[in-house]
Amino acid sequence: MEIAGKGFPWRWLSSFWLWLLSGIRKIMLWIIMGGPIPIHIAIIMDGNRRFAQKQHMAKKSGHEFGAESLMQSLKHCYEFGVKYVTIYAFSIENFKRSPEEVEALMELMRQKLQALLEKESLVNQLGIRVRLLGKLDLLPPILRQTAEKVMARTMTNNRAILNVCVAYTSTEEITQAVAGAGRRFEMGVSVDDIEGHLYTVGCPEPDLLIRTSGETRLSNFLLWQLGFCYLHACGVLWPEFSFRHLFRAVLDYQRAYPYLKHRHTGFQQEKI
Amino acid sequence: MGLRGTVPLANGFNCNEQVQVPGSFASVHLCYGYSVNRLRCQIHPMAALKKETVWQVFHHCLHISGIERRRILSVCASIAESSIKGLGTEEIPVESGKEDNAYEDPLPYGLYPYLMPKHVAIIMDGNSRWAEQRGLPSTEGHRAGRIALTEAVKLSCKWGIEILTVFAFSTDNWLRPKTEVRYLMDLFQFVLEDELETLKRENIRLCVIGDLAVLTKSLQTSIVEVEEMTKNNSRLNLIIALSYSGRNDIVQACRRLARQVEDGNLKSTDITESLFEKELETSCVGDFGSPDLLIRTSGEQRLSNFLLWQLAYTELYFDDSFWPEFGEAQYAEALRSFQRRHRRFGKRVCNKTNGTINF
């Protein structure tokens, strides 16, 4: 018996499937928008290499898929109404990896940043200002130049902010903030002094941290800023992270929100 | 020829098993025993082993059994360096200085002594909700929480954890109702006096960290007395965070460094991360102020301003039970979860491209 021949309506089926998926997505968006949306989401993008291993691909393809997944996730975040997204792209500790991997990652970052300079790139379409946070003088000069160009070009965008943490560790950030607040030493250092010298100055604290690949640790990311943040560990690898995982993370945040808000109002009165 | 030591095996391996090492002619005879501080495996004498193959053997064991690579690193290094020649056995201690019978009682099933975290931190959350669930006042919840803490301290001693840090009272908690705060302060005072004999007997050292200047004079005096009387104890370092805030800790470290800069002993450009870490309040336990494992009870998934700097590479574990319900089973499960994890500290664990292992 011929089950699926030329006459089988594949096109109709696939259109219907896409229509159904889009409908489900709209419903999920509608559910999410009914509750409190995190203003600032921090993401630790873990699992690129394990994804490449799982798919029997070369290591660097994992990072490329990760970059693609990042663009999609940013689009979804800004669609929800998230105003700040901070991502952990490269840690200072990651420089201890093999030189080939570090070089490949630097080159990939340079290419992706270069792509952001184009007019029709996502950041210009959505009005996103890009900031690179970290000890940027550890980066190769060509990447640093591209980064500075991107930061300058997107400085006037004001609908949302994307913080990319490169050559970053939170302990280094706090140490340099302490040294930077050094001129106030004789007047006594306060919480505000240190906060004023952190790389994330001007951004509110993250409301939600998402870490992929199932690990539950901070890996030296935003230690100061995550004091009251809701931590969500997602079991999938970063290249597999999609809209439904983001939906789940935000939903969990919304469920914990009443308790988070109740506990956090006390802290905002604390100043040294 | 052979090397003797003990590798605890999970994931389907039994004692006395012979394992073929992939990519080499060597086979490994793995013996499981309770002599937990030694690595025991006999390598078949017919194998012509090179250094790389020895590394492959252990990588294979580690990969299959999921043992934390850092702990076995010293063993692999000594085996590779010793460069197997001729017949004979060699015993390589995993952690030198420890004895086989260091722990008095066996561990719960699935826990391995040399995978135990050195430093565990606990956020004891959920006393009030536990009491509310039972229709009791919150003071009963705190009293039940004290019993759970005593149990956790006992288990930590029994299982060989060296440092236990507990979050007893945050700077935020001062905003709670005055009656509750007063009750908690009285409870802390009572517990310090009541448990002093136990601390002395069980050889537990007590340190209290936090902004102690805001506490009552009598509580401050009790704290100083107990710290003084237990300062030479060494079995367990119990750190109680009272009126503590992670950000305040960083700021006080900053102020201490500021004083050194003002005195001319230090330049502000010379401030490094390691120097900074020495000024944090958790430096009372030397270089081990950063917990390996943080447990938070009551299902809340956040840090609540606890030990922020120190948690850079800490494994986080969130338990759904309220703190008064946290007992041996929950603690063992948290430790099992920790022992299953692969800690990389930002680096790569191994490089398989040329068959050698780079730890």
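A residue counts as buried when its relative accessible area is under 20%, as exposed over 50%, and as partly exposed in between (1.4 Å probe, protein chains only). With that in mind, welcome to this predicted model, in which local features need pLDDT of at least 70 and side-chain atom pairs count only at pLDDT 80 or more. Residues are numbered from 1 along each chain as its sequence is written.

**Aromatic rings**

Across all chains, the search finds 20 aromatic pairs, meaning rings of Phe, Tyr and Trp (its six-membered ring) with centres within 6.5 Å, called stacked if the planes are under 30 degrees apart, edge-to-face if over 60 and tilted for the rest. One of them joins B:Tyr244 and B:Phe306 edge-to-face, at 6.0 Å centre to centre and 80° between the planes. These partners are 62 residues apart in the chain. B:Tyr244 is buried, with a relative accessible area of 1%, and B:Phe306 is buried too, at 0%. In chain A, one aromatic cluster is formed by A:Tyr88, A:Tyr168, A:Tyr199 and A:Phe221.

**Charges over rings**

Here NZ of Lys or CZ of Arg must be within 6 Å of the ring centre and within 35 degrees of the ring normal.

| Charged residue | Ring | Distance to ring centre |
|---|---|---|
| A:Arg25 | A:Phe243 | 4.5 Å |
| B:Lys118 | B:Phe288 | 4.5 Å |

Methods. Chains lettered and ligands numbered in written order. Heavy atoms only, no water. Helix = DSSP H or I, 4+ residues; strand = E, 2+ residues; numbered from the N terminus.
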